[in-house]
Amino acid sequence: MSIKLNAGLATAALSVLLTACSPAGQADRTETADAGSATEQSAPAAQPMAGPETPYSASEQQMHQAMMQAHGADPQETYALKMIEHHRGAIAMSEVLMRENPDAALRQMAEKTITMQRQEITELEQWVAQHRSSATAPAAGSVQPGA
């Protein structure tokens, strides 16, 4: 029961994360005119994000693409892998800000973000490694081949 609850919570958290991180104005489906009537078609995967270009556009697109491609063996691993990419995106955006020479307070926030996000990436990567090794470890009391 606890595992099902944790999987459900992880799935819900991932759904909220992906919804919150979706770029404004970007839809999964687009409307096109077909002989005067609107029809829905799937948007091409490589379609650029809607909105004006900013110094952050490249890092945002890279982050969103990496998050969409991050899939684990279960909802918990998928969440961790997507969060790693999300944190990498935060670092990339902070680095863009640093190059723009912001005011001292904003620069300090960007530096703090970089430090914190790197730590969280390390923690998530450690969790993924441990999760994967425990998933491949033989069950207690099982007989291993050649033993």
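This is a predicted model: local features need pLDDT of at least 70, side-chain atom pairs count only at pLDDT 80 or more; totals for chains, interfaces and linings use all residues.
Residues are numbered from 1 along each chain as its sequence is written, and side-chain values use heavy atoms, with hydrogens and water left out. Helix α3 spans residues 75–99 and helix α4 residues 104–136, and the two pack at an angle of about 155 degrees with their axes 9 Å apart; axes are lines fitted to C-alpha atoms, for helices over the stretch in contact, and angles run from 0 to 180 degrees between N-to-C directions. The crossing of α3 past α4 is left-handed, a term for a near helix turned anticlockwise from the far one by less than a right angle. The contact of α3 with α4 comprises 15 nonpolar, 6 polar and 9 charged residues, where Ala, Val, Leu, Ile, Met, Phe, Trp, Tyr, Cys and Pro count as nonpolar, Asp, Glu, Lys and Arg as charged, and the others, Gly among them, as polar.

Individual residues of the two helices illustrate this pairing. Glu77, in helix α3, has a relative accessible area of 4% and is therefore buried (buried means under 20% relative accessible area, exposed over 50%, and partly exposed in between, with a 1.4 Å probe and protein chains only). The side chain of Glu77 makes a polar contact of 2.7 Å with the side chain of Arg132, a polar contact being a pair of N or O atoms within 3.5 Å, of which, within protein, one must be able to donate a hydrogen and the other to accept it, and residues adjacent in sequence count only if both atoms are side-chain atoms. Apart from neighbours within four places in sequence, Glu77 is in contact with Gly72, Trp127, His131 and Arg132, contact meaning heavy atoms within 4.5 Å. Ser94, also placed in helix α3, is buried at a relative accessible area of 8% and touches Ala110, Thr113 and Ile114 when residues up to four places away in sequence are not counted.

On helix α4, Glu125 is partly exposed, with a relative accessible area of 37%, and, leaving aside neighbours within four places in sequence, is in contact with Ile84 and Arg88. The C-alpha atoms of Glu125 and Ile84 are separated by 7.6 Å, although these residues lie 41 residues apart along the chain. Thr122, likewise in helix α4, counts as partly exposed at 32% relative accessibility, and the C-alpha atom of Thr122 is separated by 8.6 Å from that of Ile84, 38 residues apart along the chain.

Helix α3 also packs with helix α2 (residues 57–69), the axes coming within 8 Å and crossing at roughly 175 degrees, which makes α2 roughly antiparallel to α3. The contact is made by residues of α2 including Met63, Ala66 and Met67, and by residues of α3 including His86, Gly89 and Met93; by class, the residues of this contact divide into 6 nonpolar, 3 polar and 3 charged.

Overall, the chain has 4 helices and 2 strands, which follow the pattern α-β-β-α-α-α along the sequence; helices (H or I, at least four residues) and strands (E, at least two) are DSSP runs numbered from the N terminus. Of the 147 residues, 24% count as buried.

Notes:
Angles under 35 degrees count as roughly parallel, over 145 as roughly antiparallel, 65 to 115 as roughly perpendicular and the rest as oblique.
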